[in-house]
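Please look through the sequence and the model below before reading on. The paragraphs that follow take up charged pairs, the surface, an open space and the chain before the strands.

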Amino acid sequence: MRLEDFDYGLPDDRIAQQPAEPRDAARLLVDQGSAAPLHRHVRDLCEFLREGDLLVVNDSKVIP
């Protein structure tokens, strides 16, 4: 994998300038493997977690 693999064009109007309020209203894309992805919200996350799952939190910052 190379850094260039993550370089793609994205229109400015598709880039969030401020966090969602309330924070749990942020959008969540749920990967369902071969099925179509689901478009949900962070507040729905508990519906998809099962006992034994590992949730990794990314607290990185965006560099302007």
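Four salt bridges are counted in this predicted model, a salt bridge being a side-chain nitrogen of Lys or Arg within 4 Å of a carboxyl oxygen of Asp or Glu. Side chains of opposite charge can pair when their charged atoms come close. The model is a prediction, so local features are given where pLDDT is at least 70 and side-chain atom pairs count only at pLDDT 80 or more, while totals for chains, interfaces and linings use all residues. Residues are numbered from 1 along each chain as its sequence is written, and side-chain values use heavy atoms, with hydrogens and water left out.

Arg40 is placed in strand β2, residues 35-41, where strands are DSSP runs of E with at least two residues, and helices are runs of H or I with at least four, numbered from the N terminus. The side chain of Arg40 forms a salt bridge with Asp44, at 3.5 Å from N to O, and also one with Glu47, at 2.8 Å from N to O.

Turning to nonpolar surface, Met1, Leu3 and Phe6 form a patch with about 460 Å² of accessible area together. Patches are made of residues with over 30% relative accessible area and no salt bridge, like charges being joined within 9 Å and nonpolar side chains (Val, Leu, Ile, Met, Phe, Trp, Tyr) within 5 Å; the areas come from the Shrake-Rupley method with a 1.4 Å probe, and for residues only the protein chains shown count as cover. Met1 itself, which lies in the segment before β1, is exposed because its relative accessible area is 86%.

The largest pocket has a volume of about 840 Å³, and of the 20 residues that line it, Arg23, Ala26, Arg27, Asn58 and Ser60 are the closest to its centre. A pocket here is an open set of points on a 1 Å grid over the protein atoms alone, where a 1.4 Å probe fits and protein lies on both sides within 12 Å along at least five of seven lines, and lining residues have an atom within 4 Å of a point. Its volume is the space filled by probe spheres set on the points. By class, the lining has 13 nonpolar, three polar and four charged residues. Ala26 is 14 residues from Arg40 in sequence, and their C-alpha atoms are 8.7 Å apart in space.

Finally, the segment before β1 (27-32) holds Pro22, which a cis peptide bond joins to Glu21, with omega about -5 degrees. Most peptide bonds are trans. Pro11 is also placed in the segment before β1, and at 44% relative accessibility it counts as partly exposed.

How values were computed: Buried means under 20% relative accessible area, exposed over 50%, partly exposed in between (1.4 Å probe, protein chains only). Ala, Val, Leu, Ile, Met, Phe, Trp, Tyr, Cys and Pro count as nonpolar, Asp, Glu, Lys and Arg as charged, and the others, Gly among them, as polar.
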